[in-house]
There are 4 protein chains.
Amino acid sequence: MAGNTWGQAFRVTTFGESHGGGLGAVIDGCPPGLALDLERIQAALDRRRPGTGKLVSARREADRVEVLSGLAEGRTLGTPIALVLRNEDADPSAYAPFRDRYRPSHADFTYDAKYGHRAWAGGGRASARETAARVAAGAVALQVLESLGPVEVVAWVDRVQELAASVDPTTVAASAVEGSPVRCPDPEASAAMEARIREVRAAGDTVGGVVRAVARGVPAGLGEPVFDKLEATIGAAMLSIPAAKGVEIGSGFAGTLLTGRAHNDPFVPGPNGGIASATNRSGGIQGGISNGMPIEVAVAFKPVATVFHEQDTVDHHGQPVTVRPRGRHDPCVLPRAVPIVEAMLALALVDAWLRWRGQVGAPPPVPLHAVAGGGDGK
Amino acid sequence: MAGNTWGQAFRVTTFGESHGGGLGAVIDGCPPGLALDLERIQAALDRRRPGTGKLVSARREADRVEVLSGLAEGRTLGTPIALVLRNEDADPSAYAPFRDRYRPSHADFTYDAKYGHRAWAGGGRASARETAARVAAGAVALQVLESLGPVEVVAWVDRVQELAASVDPTTVAASAVEGSPVRCPDPEASAAMEARIREVRAAGDTVGGVVRAVARGVPAGLGEPVFDKLEATIGAAMLSIPAAKGVEIGSGFAGTLLTGRAHNDPFVPGPNGGIASATNRSGGIQGGISNGMPIEVAVAFKPVATVFHEQDTVDHHGQPVTVRPRGRHDPCVLPRAVPIVEAMLALALVDAWLRWRGQVGAPPPVPLHAVAGGGDGK
Amino acid sequence: MAGNTWGQAFRVTTFGESHGGGLGAVIDGCPPGLALDLERIQAALDRRRPGTGKLVSARREADRVEVLSGLAEGRTLGTPIALVLRNEDADPSAYAPFRDRYRPSHADFTYDAKYGHRAWAGGGRASARETAARVAAGAVALQVLESLGPVEVVAWVDRVQELAASVDPTTVAASAVEGSPVRCPDPEASAAMEARIREVRAAGDTVGGVVRAVARGVPAGLGEPVFDKLEATIGAAMLSIPAAKGVEIGSGFAGTLLTGRAHNDPFVPGPNGGIASATNRSGGIQGGISNGMPIEVAVAFKPVATVFHEQDTVDHHGQPVTVRPRGRHDPCVLPRAVPIVEAMLALALVDAWLRWRGQVGAPPPVPLHAVAGGGDGK
Amino acid sequence: MAGNTWGQAFRVTTFGESHGGGLGAVIDGCPPGLALDLERIQAALDRRRPGTGKLVSARREADRVEVLSGLAEGRTLGTPIALVLRNEDADPSAYAPFRDRYRPSHADFTYDAKYGHRAWAGGGRASARETAARVAAGAVALQVLESLGPVEVVAWVDRVQELAASVDPTTVAASAVEGSPVRCPDPEASAAMEARIREVRAAGDTVGGVVRAVARGVPAGLGEPVFDKLEATIGAAMLSIPAAKGVEIGSGFAGTLLTGRAHNDPFVPGPNGGIASATNRSGGIQGGISNGMPIEVAVAFKPVATVFHEQDTVDHHGQPVTVRPRGRHDPCVLPRAVPIVEAMLALALVDAWLRWRGQVGAPPPVPLHAVAGGGDGK
């Protein structure tokens, strides 16, 4: 019933509030025998961590991941892998004013409405810090994916407000993303975005935008009919990220402007005797199942709700009051959202892969259906 | 593992191909003692049914629902409710040319890639006919919702290609939707959409667009933290509908253009001592949990893939061939998608409600957190 | 939440009351491409059916199974397989006296306590008729098992009251079971059981006993650590059968009388370079995981609650009354429980097998760990 | 797919090997607002801990539980509660001889067969140490149960080999259990059991037996029809405990010796206008649903597999070798199994309770169906 577990075959259960002992993830169902690179898990966490740049929150936490179980001699046992991160920098005093006042567009009110008892310090379970556990688990998922096939997962900041980048999803490299302070691989757009973020920060305001992601090398056949279509599980994965309010697969909303003739992706012979499509408006998914083309996703993140201005709201008696935040916050969550989007995409894909393998049993037909082709997910 | 079940507390398992004995749904976890109105289930199915107008597919099926179990003396027993629909008009011959040829942007290829054995007649499990089972189950879910609180669920066609309607989600009435042949409650937009659909039909082409939905009267407190945020489960519900390629909650992608100051929804005192928000860019969901404001969703449907023109594709050996469909197809799926979107929204909400009740146990705090206010979900 | 689904990878959802439209099962997650023998499903149902002998209930139902979905050209599609059985002989009048009176040791009272609304005719969902759906699904599961490896599942009546059979689980054949009117392959015990059942029937009384089952040819590796140990899932499978009140794996309760030295199963070299054990007190499961030896289970069935004598009870106001049943009932449920036990064992094993394949991915290491050896599960 | 999660509404996921960083449990779905007594969790762990007496293993571990999340100001938040226990005394060297040799009737071989990579030190995930995480979670579950109603859960050692105690499940007190060094509340039997355990310990051998448990004060209505009958979920809970090979509900196997007339439990008027039964051979469960009478369970634990004698076995190449254990082991697991059985019973009941509340929504009808009466579960 409770919603802190992701996946069915590769199951991730996370826990932890922003302030308290710590947070973490338990991965159940990981294939055994995988030599897990713990440094890559730590590196993924470091990418998500605040305090590493001028553009993001000043909160400093080492976020050293500790693996409590599931490994022996460096290889996965097939038993649960517990990943724990300690909360080291947990000063709740900055949040005392919000104990009885509901910050607009935060989760303060809804948690109270649901549970009647709330961790008011730092957002509790609704804090973005929760995503660290996903990123750690996602870094495991990615390694499992890579052991199953030549899969690459890359995300990037594609738009900040109206400032849009021009990025080719079939070729964009992770290194190009990391080379940008805002994680936008289009240098020109990156510079504009950076300037915009500094500007709104100076104004005590915040911005949102769009993160895009691509998974290349995913074989045809992933995703379940009907309710667990790959669009649906990837969509849920993305909309479970804090501040996400929209998601698109392939052509998404823009695709609705075309007619069917213009929108359809013609099948063509692919490399190595496989089958590909000449365009990729389907975003690599047809009928809820991957078709071997790059899987393309876009996620809309609303502007950060914490703005450094007095705002109207109510207290927990419903009486009008005002709030003005203090403390540490990002003016733009998007650069840090990039590793989170990658993690959730990896988690969605690895679960679909293992589910497929359970039912169908065949080795993933990568050679048979290997595809390529110029993607066109816009 | 397999993906034909929706929900955790109110679980719906569907079955059935387009051609074959029939299709249906089994609902497990329905609250007992509810006097179920079977005519409303049938009415919902009739709204989804093809062949009822000039604008939609000519396939004619009675789609009479039969209830095999779960009811005694007209009231639910709390045991599984099995709903069965027979396939009455099942002539597979029109599909024979596609047995070995993959129709572009259909699920023919991906089902073959996944399973290696495919129901080639009529799309099989990937047929839109599958959604009849959801609509039947959704009609039960809606009655359960109404027994829990004063909930209203309304969906409508909000856009066909670039032709956008102007609709107020806080007041739009189901009767206004049904009064339009394209299920668009804005008469002017409705007329333009109707003309467009006739036009593309004449050209052997198809169009897509956007369906919006609102759920009013939902109490604050529904949705689970982290992975089962209400945005995520509603998003998955929508993206599990055939041809859906994008989803937005509240302000969605458009909200990313605003700054945080402009986007935040100030809390204000609500009616009956409750708490409301002055605007509703959050779409009724904050931190993954409903806040008592109207829940607002938009779903992008790609243009129908079946166009009446010769198209390039490959056969199952990967060799270039062409296909040209015959048979019955909608030029625009949106009017029939309206009851499907309503069904999936009802299914997502009722499951969240029962899960909440299980964990927290309190009667839904409708009076305490009852809210209202001018929604502004665009 | 609701409990009408079995399994995670091979999921079976059943529905139906004893009186009403019908009952059935939906199987989700069946491997695709399997040529399903529908006659074997029907044959399994016929074995469970009442009215086929002097020793069992006189209710006559054709129990013709209809497959509504999930098959094309005789082979499984990987999509849900819906199996439906109509209720043909449904006269509720015999049950009218029990509408307000709780039959002792039946589910009348507990269903009322749980749901507040009850299908009083024929036991409703609590009727043994519900098991027909399991038997149908189990017959599919068995065919899937056989497609995965050389698996045999055999159950038999091992004891009626104190009348115990002597049966070797490593060699007992299904034909020997079917050759006995009470499904006991030990001819001497069979005759004694038959006499006992006639005797208690004449006295208007009923008896219980023990059904044993064995699964041979199951590879080592099935079962999940900790909560889903194979003992636990098989145990739950058995205890979910109506009237089952106890279950044993391997040596069970009798094994508690031995010391560890006497109880341990020494490993020995097996056939084909595999590993076996010299004895099988573990019943084929160690640490919750199959070890390749025959899996041995025993299930205790209490005596049938419906006795043809006046009995003290209360009505639904809690007032003392008496009841005396009419209608059709078995004096001994065990012969008909045999196919149900086989079905549940097959369902437990096929789910464990597909889960294992999903996580570990290897083809079942039958050759590597193939085992044999004289079982000694008593 | 993977099996390290228990429950649907009150979900417990455990992790950890005997040697490694540590182990723990994540509880998802705990009702919010509960003032959790952490000392009771620790006390439960102390009862399970080895090294506290002459009769049990000499391994010494503080097993101090740490709560990482899910609490604020001492009360549950409704978010996941993470409980972590460090491994402090982890010397794998004693296990080096077993790295390549399969100890008879242990899980060494089956884990290798399943995963191909095994934590050979101390049994890894199959170690009894795993149960510490369950006991911690069970101590939370028990407190939740007590907040829902006047529930008492008591387990005791009922038999060691053939040495049987005489205990009345309707009155047995936890204090009487704890007063015995072997946790048997019958003083005479306790003394005999203690002598037997010392005797087999001196002989380098081990013994098994039966633990019984009762849950009093459970309302009528818990348990789900068909697959999740309360017998089935309690049975699975018990059979998931290491070394458990049999389980009985109510009269169990002994009940099969009676006729229906002798076995049925007549309903009688209960206290406070409720309904009770004059006997309790049903063990508090009828038709899979609790009837308000004491729930009675018995669990068979096989003798401990680690005996201090040379034993025949094979190595991982299948070659005959011998093993002789060193290190720390219990001659009899039963006294320590008592808190584990209590924990699993509490976990099964709390999950059933929350599931029921989710579906039916009513406050538990304790007053309406309150029952009492002399239990007779033998």
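Which residue forms a salt bridge with Arg99(D), and how far apart are the closest N and O atoms? The partner is Glu73(A), with the closest N and O atoms 2.9 Å apart. A salt bridge is defined here as a side-chain nitrogen of Lys or Arg within 4 Å of a carboxyl oxygen of Asp or Glu.

This is a predicted model, in which local features need pLDDT of at least 70 and side-chain atom pairs count only at pLDDT 80 or more, while totals for chains, interfaces and linings use all residues. Residues are numbered from 1 along each chain as its sequence is written, chains are lettered from A and ligands numbered from 1 in the order in which they are written, and side-chain values use heavy atoms, with hydrogens and water left out.

**Salt bridges**

Over all chains, the structure holds 80 salt bridges. Helices (H or I, at least four residues) and strands (E, at least two) are DSSP runs, numbered from the N terminus. Arg99(D) is partly exposed, at 38% relative accessibility; buried means under 20% relative accessible area, exposed over 50%, and partly exposed in between (1.4 Å probe, protein chains only).

Chains A and D are also joined by Glu66(D) and Arg86(A), whose side chains meet in a salt bridge. Glu66(D) belongs to strand E4 (residues 65–67) of chain D, and Arg86(A) to strand E7 (residues 81–86) of chain A. Glu66(D) is partly exposed, with a relative accessible area of 31%, and Arg86(A) is likewise partly exposed, with 26%.

Within chain D, Arg198(D) forms a salt bridge with Glu194(D). Both residues lie in helix H5 (residues 187–202) of chain D, four residues apart, about one turn of the helix. Arg198(D) is partly exposed at a relative accessible area of 41%, whereas Glu194(D) counts as buried at 19%. In chain A, a network of salt bridges links Arg47(A), Glu178(A), Arg183(A) and Glu342(A).

| Residue | Partner | Distance |
|---|---|---|
| Glu73(A) | Arg99(D) | 2.9 Å |
| Glu66(D) | Arg86(A) | 2.7 Å |
| Arg198(D) | Glu194(D) | 3.1 Å |
| Lys245(A) | Glu231(B) | 3.1 Å |

**Interfaces of chain A**

The size of an interface is often given as the accessible area lost when the parts come together. Buried area is here the accessible area (1.4 Å probe) that two parts lose on being put together, summed over both. Between chain A and chain B, about 8,500 Å² is buried, of which carbon and sulfur atoms give 62%. The count of salt bridges between chain A and chain B is four, and one of the pairs that meet in a salt bridge is Lys245(A) with Glu231(B). There are also 43 residue pairs in polar contact between chain A and chain B (both at pLDDT 80 or more). A polar contact is a pair of N or O atoms within 3.5 Å; within protein, one must be able to donate a hydrogen and the other to accept it, and residues adjacent in sequence count only if both atoms are side-chain atoms. On the side of chain A that touches chain B, the largest share, seven residues, comes from helix H8 (residues 334–360) of chain A. By class, that side has 50 nonpolar, 36 polar and 20 charged residues. Ala, Val, Leu, Ile, Met, Phe, Trp, Tyr, Cys and Pro count as nonpolar, Asp, Glu, Lys and Arg as charged, and the others, Gly among them, as polar.

Between chain A and chain C, the buried area is about 1,100 Å², with carbon and sulfur atoms giving 54%. Zero salt bridges are counted between chain A and chain C, but eight residue pairs are in polar contact across this interface (both at pLDDT 80 or more). The side of chain A that touches chain C has six nonpolar, five polar and one charged residues.

**A buried glutamine**

Gln161(A) lies in the loop between strand E8 (152–160) and strand E9 (163–164) of chain A. Gln161(A) is buried, with a relative accessible area of 7%. Its side chain makes a polar contact with the side chain of Arg196(A) (2.5 Å).
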